[in-house]
Amino acid sequence: MDVEKLKDLDVAAFVGTHGKYVNAALEQLQDCLPEEGEDFDEAKTEPLEAALAALRLAALLCTDALHECHANPPDALCSAAIMLHDHALLELGDARPDVQDAVAKLCCTWWQYGAENREFLVSQTLPFLLLRAISSSKAAHVKACHAMRGALELLDFEDASINDMKRMLLQAAICPAFVRRPEGRKFLACLLTVHPSMVQEMTSVIRNQIPAGRRSVLDAYGEVILRGWREAVGPCLAEIETNLIQNLMNAALHGSGQALVANIRRVLGELHRCKRLGGAGSVDAMLVRLYEPILFRALSAANAGVRRNALELLLDAFPLLDPEASTEEQDELLVRQFQALSDGLTDACPSVRVVAAQGICGVLNLYWEIIPSATTAGFVSRLTSQLAFDAAMPAVRVAVLEGLQLLVDNQHAQPVLSKALPQLAPVMWDPSPRVREAMADLLLCISTSRGLHFWEVVPLEVLLEQLVGAGAAAPGSSSVAQKLHQLLVPSYFPNPQEGAARIAALLKENSAAGQSFCRMLVAPFIHYMDSGKGSHQVQVPLEDILQLASCLMSHLLQHPPVPDARSPPRKQRNRGTGGGRDAAADGTEGRPSTAAGRGGRGKRKKAPAPAAAAGSSAAAGADAEVPEEEQEVDVMAVGVQEESADDVDTAEGQDGSQQQQQESEDEDEDADTG
């Protein structure tokens, strides 16, 4: 059809002249369609197809003509559109969807233009659009329903004849096509604004979907509630606040199952998130108005589950502030909330203390700058000095350590944390593996921050002892050992050049820790070869490990261990684990490395390098008997200090004199005995 020619067309005259063909097509259609209970006469197939084609062309022609006259269509065009609406939508059933789509497009276009008599094109169009969108789940059909959402105001929801329409609207509320798409959620939000009875029906539908709803569905219902609350006025607004939102708050407070409570909190989470986006003062006022009568009473309830649920809701909605209230009233409300959080830390129920510890750290991370310094310091002090050593349940200690991870990267909190975190050093010896693993995670977070140092929280000696103990069963099998090894790799093996000397110093000073460290370096590759799966995280590339092994082998070949003549044969044959013969003779077994200087750069901060690695390079340079070529090859020599030849000769001379003296005493005893 040439739309350009319609610009010069007299629409009124054209429709008046040819509108009779619409009536003729409808009459022919009625004659061809069989009556109820009768079979279709195949002889009427051709006339039926001609009538349907005529109706489709008439609908398309009316739509194109409407684009030219917009809001002032002629009476003849209105009559033709009304006839098509009344007889060519629902009455055709599934006979010709193309005809129904053309007529529905005409009615939607008429409504969008706001043309006269558009209210006569609603009664058949809305049910057809709903049925088509629900059955097909196509985005275009959902958008068509959204385009006609304003027509819902024309429906009489108090009349009994609206029940079928209500059922279709409620069916759309649980249809995935409407819940997933933004236009569908906007359409569902309009259902909360048309009539209070519809708000009650929607409340029942949403409550029934919450227990088994997915996260995306729960988020969608939260958006529907928020949008409907913003658009509603009068009785609908009051019904949404009291019957829908506040009832969900009560259910979240007194729900028995944790899964159900979590789902309800997720629906309410859209309201809580909106208040943090700014410019949502009305949402703040509404939350204060609905929470204040029920929340603070639940915080002091006798049931521990109710107290836990109330504390979770308070943390989700924190801070509750009414922008319309005076400054004194706002300060008083804030004091009540801080007192409730403080009471949660000392609650008799461990599960309440878990929620309080995690939630307070999140609140401090978000609002550290606006919370009084005395309050923040008091919370951090109680967390690190009391709850971190809670003997009732390991979950409380884990919650504290996980919560402190949120504060590590907060620059405003780091001055307070630098003084409080060293109190957590004994936690590395906690009997619970979960607590030790959470402490290792906290140290890893600290290692990536700029203002804090993990070796100031837990000394290196303790970390090395834990590395030995945690990895004693099987290298890499303990998650605590893996995380401690990940923490120490940048310090002891920053690169192949410096790593060789540092590991040599570690093996000399603490042979057990050095052996555990080296075993865990190769554990990921051994596990991969054994199981074919790379579940362990590779900290050091394989080529660097091979270079380290080559340096160790060349050093052992060039500098074999010197047997200690002062030790009795029984001691020389002893194959004790951990320290080794040389370490036991030097008295350095189990002694942690000391701090002196820094090594190369790494992703995480590296602890100060071992002192032996710093001072041994000078000793290696002073050894004049080692050729330069051997010094370049023997990288490990910089980490080992050998005894001088004079000391060895002196020791052998002393041992010889002692042996002669012992033989003379034995001869005297034999003579006396004879």
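This is a predicted model: local features need pLDDT of at least 70, side-chain atom pairs count only at pLDDT 80 or more; totals for chains, interfaces and linings use all residues.

Trainee: Where is Ser137 placed?

Mentor: Ser137 is in the loop between H6 and H7. Its phi is positive, about 60°, although Ser137 is not a glycine.

Trainee: Which other non-glycine residue has a positive phi of about 65°?

Mentor: Asn117 has that value. Asn117 lies in the loop between helix H5 (97-113) and H6. With a relative accessible area of 30%, Asn117 is partly exposed.

Trainee: Let me zoom out. How many helices and strands are there in the protein?

Mentor: The protein has 33 helices and zero strands. It has 674 residues, and 46% of them count as buried.

Trainee: What about the surface, how much of it belongs to carbon and sulfur atoms?

Mentor: Carbon and sulfur atoms hold 51% of the accessible surface, which comes to about 34000 Å².

Trainee: And the contacts, what share join residues at least 24 apart?

Mentor: That share is 68%, counted among contacts between residues at least 6 apart in sequence.

Trainee: Back to H7. Which of its residues are buried?

Mentor: In helix H7 (residues 139-147), the buried ones are His141, Val142, Ala144, Cys145 and His146.

Trainee: What do the buried residues of H7 pack against?

Mentor: They pack against three helices: H6 (125-136), H9 (176-180) and H10 (182-194).

Trainee: New topic, rings. How many aromatic pairs does the structure hold?

Mentor: The structure holds five aromatic pairs. One of them joins Phe178 and Phe187, with ring centres 5.7 Å apart and planes at 40°, so this pair is tilted.

Trainee: Is Phe178 buried or exposed?

Mentor: Phe178 is buried, because its relative accessibility is 0%. Phe187 also has 0% relative accessibility and counts as buried.

Trainee: Which residues do ring pairs link into a cluster?

Mentor: Phe318, Phe338 and Tyr367 form that cluster. Phe318 has another point to note: the peptide bond from Phe318 to Pro319 is cis, with omega near -5°.

Trainee: Where does Pro319 lie?

Mentor: Pro319 is in the loop between helix H16 (304-317) and helix H17 (327-345).

Trainee: Still on rings, what lies over the face of Trp111?

Mentor: Arg118 does, at 3.9 Å from the ring centre. In another case, the charged end of Arg336 sits over the ring of Phe296, 4.0 Å from the centre of that ring.

Trainee: Now helix packing. At what angle do H20 and H22 pack?

Mentor: Helix H20 (residues 394-407) packs with H22 at about 10°, and their axes are 9 Å apart. That angle makes H20 roughly parallel to H22.

Trainee: Which residues make the contact?

Mentor: On the H20 side they include Val398, Leu401, Leu404 and Gln405, and on the H22 side they include Ala438, Leu442 and Cys445.

Trainee: Tell me about Leu442. Buried or exposed?

Mentor: Buried, because Leu442 has 0% relative accessibility. Leu442 is placed in helix H22 (residues 433-447).

Trainee: And what is Leu442 in contact with, leaving aside neighbours within four places in sequence?

Mentor: Leu442 is in contact with Leu401, Leu404, Gln405, Val408 and Leu424. Take Val408: 34 residues separate Val408 and Leu442 along the chain, and their C-alpha atoms are 8.4 Å apart.

Trainee: What does Thr384 touch, not counting residues up to four places away?

Mentor: Thr384 touches Phe389, Leu404, Ala420, Gln423 and Leu424. Leu404 and Leu424 are also among the contacts of Leu442.

Terms used
Residues are numbered from 1 along each chain as its sequence is written. Side-chain values use heavy atoms; hydrogens and water are left out. Helices (H or I, at least four residues) and strands (E, at least two) are DSSP runs, numbered from the N terminus. Buried means under 20% relative accessible area, exposed over 50%, partly exposed in between (1.4 Å probe, protein chains only). Contact means heavy atoms within 4.5 Å. Accessible areas come from the Shrake-Rupley method with a 1.4 Å probe; for residues, only the protein chains shown count as cover. Rings of Phe, Tyr and Trp (its six-membered ring) pair if their centres lie within 6.5 Å; planes under 30 degrees apart count as stacked, over 60 as edge-to-face and the rest as tilted. A charge sits over a ring if NZ of Lys or CZ of Arg is within 6 Å of the ring centre and within 35 degrees of the ring normal. Axes are lines fitted to C-alpha atoms, for helices over the stretch in contact, and angles run from 0 to 180 degrees between N-to-C directions. Angles under 35 degrees count as roughly parallel, over 145 as roughly antiparallel, 65 to 115 as roughly perpendicular and the rest as oblique.
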